[in-house]
Amino acid sequence: MNAFGTHLADTSAVVRIYRNAQVRERWSEQVASGLVSICPVVELEMLRAAGGKVVREQLEEVLTGTYGWVPMPDDVFRRARELQETLAATSSHQGPSAVDLLIAVTARHHGLKVLHYDRDFVTIAEAADVETEWVAQPGSVN
């Protein structure tokens, strides 16, 4: 474990932890212990879904009070572009989104596993030195 915990959660994982009682129960101890963090693009994606200013502010407080915080490296966009180039070598670059790439390089930079519920992170892990872990068995939750 490092100063940022063990996992950097993708939006897909945060949503499953928030919405699914079984997933929440499985990860509650790690989240409460500060082992699971988020980064700025995950926060932006989560807050984008909030319905209005008040709900957005409430959600921001929940995220801040629940998850650790991982800064993105200064050269995150260069690294994401390089990762996309690596994926392009096997024609795998059209699946992972720009946000997926930013999360993956941030996790790799800090030595964290990406916690996710998104097959695009499997694609990234197969092409690059990025550790990943499913928040729940694939196909087991919505």
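Visitor: With which residue does R78 form a salt bridge?
Guide: This is a predicted model, in which local features need pLDDT of at least 70 and side-chain atom pairs count only at pLDDT 80 or more, while totals for chains, interfaces and linings use all residues. Residues are numbered from 1 along each chain as its sequence is written, and side-chain values use heavy atoms, with hydrogens and water left out. A salt bridge is a side-chain nitrogen of Lys or Arg within 4 Å of a carboxyl oxygen of Asp or Glu. With closest N and O atoms 2.6 Å apart, the partner of R78 is E82.

Visitor: In which helix do R78 and E82 both lie?
Guide: Helices (H or I, at least four residues) and strands (E, at least two) are DSSP runs, numbered from the N terminus. R78 and E82 are four residues apart, about one turn of the helix, and both lie in helix 5 (residues 76-88).

Visitor: What is the N to O distance in the salt bridge of K53 and E57?
Guide: K53 and E57 are four residues apart in helix 4 (residues 53-66), so about one helical turn separates them. K53 counts as exposed at 61% relative accessibility, whereas E57 is partly exposed at 35%. Their side chains meet at an N to O distance of 2.5 Å.

Visitor: How many residues apart are R26 and E133?
Guide: R26 forms a salt bridge with E133, with the closest N and O atoms 3.9 Å apart. The pair links distant parts of the chain, R26 being in helix 2 (residues 21-32) and E133 in strand 5 (residues 132-134), with a separation of 107 residues.

Visitor: Are R26 and E133 buried, exposed or partly exposed?
Guide: The relative accessible area of R26 is 46%. For E133 the value is 21%. Both R26 and E133 are therefore partly exposed.

Visitor: How many salt bridges does the count come to?
Guide: The bridges include that of R26 with E133 and that of K53 with E57. By the same rule the count comes to seven.

Visitor: Is H7 buried or exposed?
Guide: H7 is placed in strand 1 (residues 7-9). Contact means heavy atoms within 4.5 Å; not counting residues up to four places away in sequence, H7 touches W27, L35, V36, S37, L112, K113, L115 and E133. At 8% relative accessibility, H7 counts as buried.

Visitor: How far apart in space are S140 and G52, C-alpha to C-alpha?
Guide: S140 is in the segment after strand 5 and is partly exposed, at 45% relative accessible area. S140 and G52 are 88 residues apart in sequence, and their C-alpha separation is 31 Å.

Visitor: Why is the chain said to be as compact as a globular protein of that length?
Guide: The chain has seven helices and five strands. The globule rule (2.2 Å times the number of residues to the power 0.38) is compared with the radius of gyration, taken over C-alpha atoms. The rule gives 14 Å for 142 residues, so the chain is as compact as a globular protein of that length, its radius of gyration being close to this at 15 Å.

Visitor: What percentage of the contacts in the chain with a separation of 6 or more comes from residues 24 or more positions apart?
Guide: Buried residues make up 43% of the 142 residues. Among contacts with a separation of 6 or more, the share from residues 24 or more positions apart is 66%.

Technical notes
Buried < 20%, exposed > 50% of the residue type's maximum accessible area, 1.4 Å probe, protein only.
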